[in-house]
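User: I have a model open and would like to go through it with you. Can we take it piece by piece?

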Amino acid sequence: MFENSQEQRTNLSELGEFGLIDHLTKQLESKQESTIKGIGDDAAVIDFKHKQTLVSTDFLVEGVHFDLAYMPLKHLGYKAVMVNLSDIYAMNGTASQVTVSIAVSNRFPVEALEELYAGIQLAAKMYQVDVVGGDTTSSTSGLIISVTAIGYAEEKEVVYRSGAKANDLLVVTGDLGAAYMGLQILEREKQVFKANPNAQPDLDQYTYLIERQLKPEARKDIPPLLKALDVKPTSMIDISDGLSSEIIHLCKNSKVGANLFEEKIPLDPALISVCEEFELDSTTVALSGGEDYELLFTIDQGDYDKIKGNPNLTVIGHIAEEKEGMHLITRANQKLPLIARGWNSMPKED
Ligand SMILES: [Mg+2]
């Protein structure tokens with residue numbers, strides 16, 4: 001749980017709630033022009049001038065969304081910020097502020113929260129967002145983190161889930177499935193460790209997959225990239241629950257169907273080899289795995305030449321009329337209905 005378990009442990013009660021907030025937030029400084037007042041008053045004050053404001057919130061709950069047996073607290077703080085910034089980028093916006101609220105039991109010493117905040121602070125610095133508020137309170141059992149991300153976009157730049165139309169191209173950033181397989185590796189190592197605490201795991205070959213699980217990066221680069229390419233997506237969503245359920249969200253919101261081509265789904269070579277090792281189907285993992293925090297969007301066919309050959313972007317299918325439904329076209333040219341099986345409900349033996 002701690003990067004250095006030899007360090008001293010200060011009981012939370014020694015600082016008290018206000019002392020704790022001061023202690024954790026004293027190093028934070030606001031850098032965004034839109035932050036008029038950050039931490040230190042009853043509310044933050046933000047001024048986006050004539051732009052539209054984007055707001056998104058997520059919970060991360062111990063035992064549900066993360067396991068501290070293999071999730072270092074610094075990574076957890078970083079990830080908690082990432083999953084929220086990802087939603088702002090999915091609106092084609094710029095993220096500029098976050099608030100962070102934590103409920104924590106007294107089994108956590110002050111040093112544990114310092115590590116959590118170090119991750120939050122690193123994420124804020126790397127992604128140029130200000131931490132402008134939040135709360136800490138006690139919890140009777142585990143750790144709960146709620147981050148709210150705030151951002152902005154010009155009214156005409158905002159991209160909703162609802163704008164896809166028949167014949168648009170379906171595009172995805174990065175590669176898929178790696179975060180899920182990273183989790184499978186960490187789960188396996190946890191079981192090995194339980195059976196033999198002296199076992200020395202060699203996880204080098206899995207570095208990419210484990211990083212995708214423990215330290216995801218939100219696609220801050222994509223809204224400006226699309227702008228530079230002069231492409232405005234017709235619809236967009238971030239991939240938190242797996243490709244198939246995100247395609248279904250886009251299609252339902254846009255009242256359209258879709259055809260997804262199995263052979264086009266971008267997979268990292270490390271993912272393909274670990275799927276063989278675990279005897280899992282890599283397409284199923286990409287479709288249902290989740291937590292990749294890539295962006296899925298649709299563009300007008302006329303914009304294809306502008307994105308063609310870009311290493312960040314892969315065309316994986318196209319939008320169809322609603323009555324045609326949503327399908328996966330397999331490598332064997334079979335047409336299968338797309339079904340949503342989220343992250344939590346994915347059967348292990350699949
Ligand atoms: Mg989302």
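User: Where is Y117 found?

Analyst: This is a predicted model. In it, Y117 is part of helix 3, which covers residues 110–126.

User: Buried or exposed, that Y117?

Analyst: Y117 counts as buried, because it has 22 C-beta neighbours inside 10 Å and the cut-off for buried is 20 or more.

User: What does Y117 touch, leaving out residues up to four places away in sequence?

Analyst: L24 and G77.

User: Which other residues of helix 3 are buried?

Analyst: Besides Y117, the buried residues of helix 3 are A112, L113, E115, L116, G119, I120, A123 and A124.

User: How far does helix 3 reach from its first C-alpha to its last?

Analyst: Helix 3 reaches 24 Å with its 17 residues, close to the 24 Å expected at 1.5 Å a residue. After helix 3 comes Q128, with a positive phi near 50 degrees.

User: Now helix 2. How many of its residues are buried?

Analyst: 17 of 17, so helix 2 is mostly covered. From its first C-alpha to its last, helix 2 reaches 25 Å, close to the expected 24 Å.

User: Change of topic. Which domains does the assignment give?

Analyst: Domain 1 is 12–157 and domain 2 is 169–337. Their C-alpha centres are 26 Å apart.

User: How many residues does each domain put into the contact?

Analyst: Domain 1 gives 17 residues and domain 2 gives 19 residues. On the domain 1 side, helix 2 supplies the largest share, nine residues.

User: What classes of residue are on that side of domain 1?

Analyst: Where domain 1 touches domain 2, there are ten nonpolar, five polar and two charged residues.

User: Back to annotations. Which residues does UniProt list as "binding site" along with Y117?

Analyst: The unreviewed UniProt entry lists G134, D135, R161 and S240 with Y117. They do not all gather at one spot, because the farthest two C-alpha atoms are 32.6 Å apart; in sequence they span 124 residues.

User: Where does S240 lie?

Analyst: S240 lies in the loop between strand 8 (235–238) and helix 7 (243–254). S240 counts as buried, with 21 C-beta neighbours inside 10 Å.

User: What is S240 in contact with, leaving aside neighbours within four places in sequence?

Analyst: V83, G290, E291 and Y293. Of these, E291 has a "binding site" annotation in the unreviewed UniProt entry, given with H65 and W343.

User: Where does H65 lie, then?

Analyst: H65 lies in the loop that runs between strand 3 (52–61) and helix 2 (73–89).

User: Why is H65 partly exposed?

Analyst: H65 has 19 other C-beta atoms within 10 Å, and a residue needs 20 or more to be buried.

User: Last one, the whole chain. How many helices and strands are there?

Analyst: The protein chain has ten helices and 13 strands. The radius of gyration is 21 Å, close to the 20 Å that the globule rule gives for 350 residues, so the chain is as compact as a globular protein of that length.

User: What does the C-alpha trace span along its principal axes?

Analyst: About 65 × 60 × 30 Å. Of the 350 residues, 43% count as buried. Among contacts with a separation of 6 or more, 87% are between residues 24 or more positions apart.

Technical notes. Residues numbered from 1 in each chain as written. Predicted model: local features only at pLDDT ≥ 70, side-chain atom pairs only at ≥ 80, totals over all residues. UniProt positions renumbered as here; feature names shortened; annotations may be inferred. Helix = DSSP H or I, 4+ residues; strand = E, 2+ residues; numbered from the N terminus. Buried ≥ 20, exposed ≤ 12 C-beta atoms within 10 Å, placed from the backbone. Domains from an automatic or database assignment. Contact = placed C-beta atoms within 7 Å. Nonpolar A, V, L, I, M, F, W, Y, C, P; charged D, E, K, R; others polar. Expected span 1.5 Å × (residues − 1). Rg over C-alpha atoms; globule rule 2.2 N^0.38 Å.
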